[in-house]
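Welcome! Take a moment to look over the sequence and the 3D view, and then we can walk through a few places together.

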Amino acid sequence: MILDRLGKELLFFDGGMGTLLQAEGLKPGELPETWNMTHPENVIEIHRKYIEAGSDIVLANTFGANALKFHDESCSLKEIVTAAVGHVKEAARRAETNGRRIYTALDIGPTGKLLKPMGDLDFEEAYQAFREVVKYGEEAGADLIHIETMSDTYELKAAVLAAKENTDLPVFVTTIFDERGKLLTGADVPAVTALLEGLRVDAMGINCGLGPRQMLPILEEILKYSSLPIIVKPNAGLPKQVDGETVYDVSPEEFAFVMQEIVRKGAAVIGGCCGTTPEHIHAMIKLCRGIKIKPLEPKEWTMVSSYGQAVCLGEGSKIIGERINPTGKKKFKQALKEHDLDYILREGITQQDKGAHILDVNVGLPDIDETAMMREVVTELQSVTNLPLQIDTVDVNAMEAALRIYNGKAMVNSVSGKQESMDAVFPLLQKYGGVVIGLTLDEKGIPETADGRVKIAEQIIAEAAKYGIQKKDIVIDVLCMTISSEPDGARVTLEALKRVREELGVHTVLGVSNISFGLPSRPVINAAFYTMAMQNGLSAGIINPSSEEMMKSYYAFHALMNLDQNCEHYIAQYAGAAPAAPSATGAAGSQMQLDTAIEKGLKEDAHRITMELAKTKAPLDIINEYLIPALDHVGKGFETGTVFLPQLLMSAEAAKAAFSVLKDILAASGSEVEKKEKVVLATVKGDIHDIGKNIVKVLLENYSFEVVDLGKDVPPELIVETVLKENIRLVGLSALMTTTVVSMEETIRQLKKQAPDCKVMVGGAVLNQEYADMIGADFYGKDAMQSVYYAQKLLQGK
């Protein structure tokens, strides 16, 4: 079995199947997977070449084979997958292997769709699409599943769960990072690592998008955080057009030279992606085969993550915002009963703005469906904030529902030392991953002594180990007992806190404000105890980040203990601080609130505030003075890397909610919003990935451009026909796959010939400025906002 060798010896993948299929005659727009049926000998021959080049692991030609993408009527999806797996095995039989074991990997690529709430694909729909393919792959005899080229952690989670829950095969995963070390939807390396290790994949790494040298810094960061065997599969550099053919600018010799360095740094499995031929793989293996890989080093990071970032518990203390919890909060209870989600989202955003690192989420009330509400609140919160969430519930069904659809590795609150609790919670952590809070109470209650609480903590850690849950994924809550009824409560808690950190080596958490229950001027007690708890090793405090007393304790402690370098955070918070001014009223106050609603993605608030503004201001003034500036601000944040795709799209949705109010008002008065010129968008012939196109569409529409969306897999002739018929001056073309860039070039050629005044902007993961220039594009949009700016410049003269 491959797991017997993984991480112990260097293993080799194959290279770019699409590159060789094109060389064999794959036509523009032709689905590569159909060649498993129509050109089986060509596919087998390509596999044989890679095997004889030295590849140990060969990918079946199934990258795009799933029910959401593959609709060829000549054969079933099962036939495609079965044939593809069989072709690898046949190639291994024919090849000169010198006795080497060849492993057949079922290749799983992205669906090409964005998942809700950013897109229109439901998480469980994506799961079912992947489930179908992995079951066919295992039935056909695949040795492992390789999920690759993933740019969205949510889709990635659906694919991994499908593989883990429906097969017994090892699961390897690689994602596509850009040069900044980010996925398309904003995840960084620690966030991806936390998610994948939590889901218990067998190996992880990076593929596509970059050449080998550009992958080195990302590899170093992966190695810093991951305990898993690491896979690296670069492109052969950047694509270029030479004599009408796509070539890559890194030679086999140069590719092999850099791959040596990649292995020496710590990669355990290497191969190639786009543009890597059998010659590249042969040269790589020739130089690298004798290198002894670095032994795996367990990393002890205690990490939780969201779609966009990870939070590591360690030096200093982190803040877990406590406000999304109905306990003692009448307004919050009312919001839950009335299904006022925007109230809940505002609580989350406020805590994020005040400095919280993690948000506690508790929606338990006797008279609501907690499972449904938890699922909905978690989904909506993750659409407006990229902070990790703490799933806080005693309802195991609600806990599992939240963990399943959570986009990241969650904090879980909680498990106790009661056997019943551990039996229910630990299997969920084993399946979905997470960092669990262990409460030091058992069937006998909460021990009065520090010794008793430390003993329960030991029991929780020991029981978790039976499920493969490591100490780094356990955080102990030694519990605060209010000093109004337990005079020794603070001293016992602080002693237990210190001992858990020092003797057991695990991180700690406390619900700090419990210490003052029943006393007057509670913030005074809370702040003092918070400082004492941090001094005794508190890793994370569950507090109200809007409490000035608590935040003063937090910032002062970190400055005093040299945990705030050069007192930067303290100075930023308090230098020149003045008493808060009274809230603005009238138009100015509404403007501020509308900006915030749009920038934070609060659709209902944007709708409500716009209704109020429209009573005193003209609709066109609101659009020009409020909506467009807010979108511009978000767009600039996206360009600079402070705002990520989910936030960008949710801001666009909030702006759309505001805009719909103004359109109705204008329509009622017999006026209408002036539409700017039409822009045609299309994903080119043969490419069925429409994520990029759809993002550009949403943003263009928010800037009042009229978009003619021709969809995906669009032939050049239809694009040209539409341009001529509608008198279009700008076309946007998208392509994700290297095999379909030739379709993009042909579309541009036909447009230049028949509609020479029409400009063409292009985008997609496989493109760059040089390549765009070579195929005749007028503009290359590195991201969606760049396309908006180009449209404004071209069609508005901005």
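Val698 is buried, with a relative accessible area of 17%; the model you are looking at is a predicted one. To find Val698, look in helix H25, which covers residues 691-702.

What does Val698 touch, leaving aside residues up to four places away in sequence? Its contacts there are Leu649 and Ala652.

## Thr174 in strand E5

Next, turn to Thr174, which sits in strand E5. Is Thr174 buried or exposed? Thr174 counts as buried, because its relative accessibility is 0%.

If residues up to four places away in sequence are not counted, Thr174 touches His146, Ile147, Glu148, Thr149, Met150, Gly205, Ile206, Asn207, Ile231 and Lys233.

## Helix H6, an enclosed helix

Strand E5 comes up again here, as one of the elements that the buried residues of helix H6 pack against. Helix H6 runs through residues 153-166, 14 residues in total. From first C-alpha to last it reaches 20 Å, close to the 20 Å expected at 1.5 Å a residue. At the start of H6, the backbone nitrogen of Tyr154 has a side-chain oxygen of Asp152 within 3.0 Å.

How many of the 14 residues of H6 are buried? The count is 12, so the helix is largely enclosed by the rest of the structure. Among them are Thr153, Tyr154, Glu155 and Leu156, as well as Asn166. Besides strand E5 (171-175), the elements they pack against are helix H5 (123-140), strand E4 (144-150), helix H7 (189-198), helix H14 (396-405) and helix H15 (419-432).

## Helix H18 for comparison

Helix H18 spans residues 522-535 and also has 14 residues. Its reach from first C-alpha to last is 20 Å, close to the 20 Å expected at 1.5 Å a residue.

Which residues of H18 are buried? They are Asn526, Ala527, Phe529, Tyr530, Ala533 and Met534. Their cover includes strand E13 (318-321), H17, strand E19 (507-511), strand E20 (540-543) and H19. Just after H18 you will come to Gly537, which takes a positive phi of about 105°.

## Salt bridges

Side chains of opposite charge can pair when their charged atoms come close. The count of salt bridges in this model comes to 39. One of them brings together the side chains of Lys89 and Asp143, at 3.9 Å from N to O. Lys89 belongs to helix H4 (residues 77-94) and Asp143 to the loop between H5 and E4, so this pair ties together parts that are 54 residues apart in sequence. Lys89 is partly exposed, with a relative accessible area of 26%, while Asp143 is buried at 19%.

Another salt bridge joins the side chains of Lys498 and Glu502, at 3.1 Å from N to O. These two residues are 4 apart in helix H17 (residues 489-504), which means about one helical turn separates them. Lys498 is partly exposed, with a relative accessible area of 36%, and Glu502 is exposed, at 57%. There is also a network, in which salt bridges with shared partners join Asp451, Asp488, Arg491, Glu495, Arg499 and Glu503.

A further pair to look for is Arg5 and Glu9, whose side chains meet in a salt bridge at 3.0 Å, N to O. Glu9 is partly exposed, with a relative accessible area of 33%.

Which residues make the nonpolar patch? Leu560, Met561 and Leu563 form it, and its area is about 300 Å².

Leu563 is placed in the loop between helix H19 (548-560) and helix H20 (568-574). With a relative accessible area of 32%, Leu563 is partly exposed.

Note on methods
Residues numbered from 1 in each chain as written. Predicted model: local features only at pLDDT ≥ 70, side-chain atom pairs only at ≥ 80, totals over all residues. Heavy atoms only, no water. Patch = residues over 30% accessible without salt bridge, like charges linked within 9 Å, V, L, I, M, F, W, Y side chains within 5 Å. Areas by Shrake-Rupley, 256 points an atom, 1.4 Å probe, with all protein chains shown as cover. Salt bridge = Lys/Arg side-chain N within 4 Å of Asp/Glu carboxyl O. Buried < 20%, exposed > 50% of the residue type's maximum accessible area, 1.4 Å probe, protein only. Expected span 1.5 Å × (residues − 1). Contact = heavy atoms within 4.5 Å. Polar contact = N/O pair within 3.5 Å; in protein donor to acceptor, adjacent residues only side chain to side chain.
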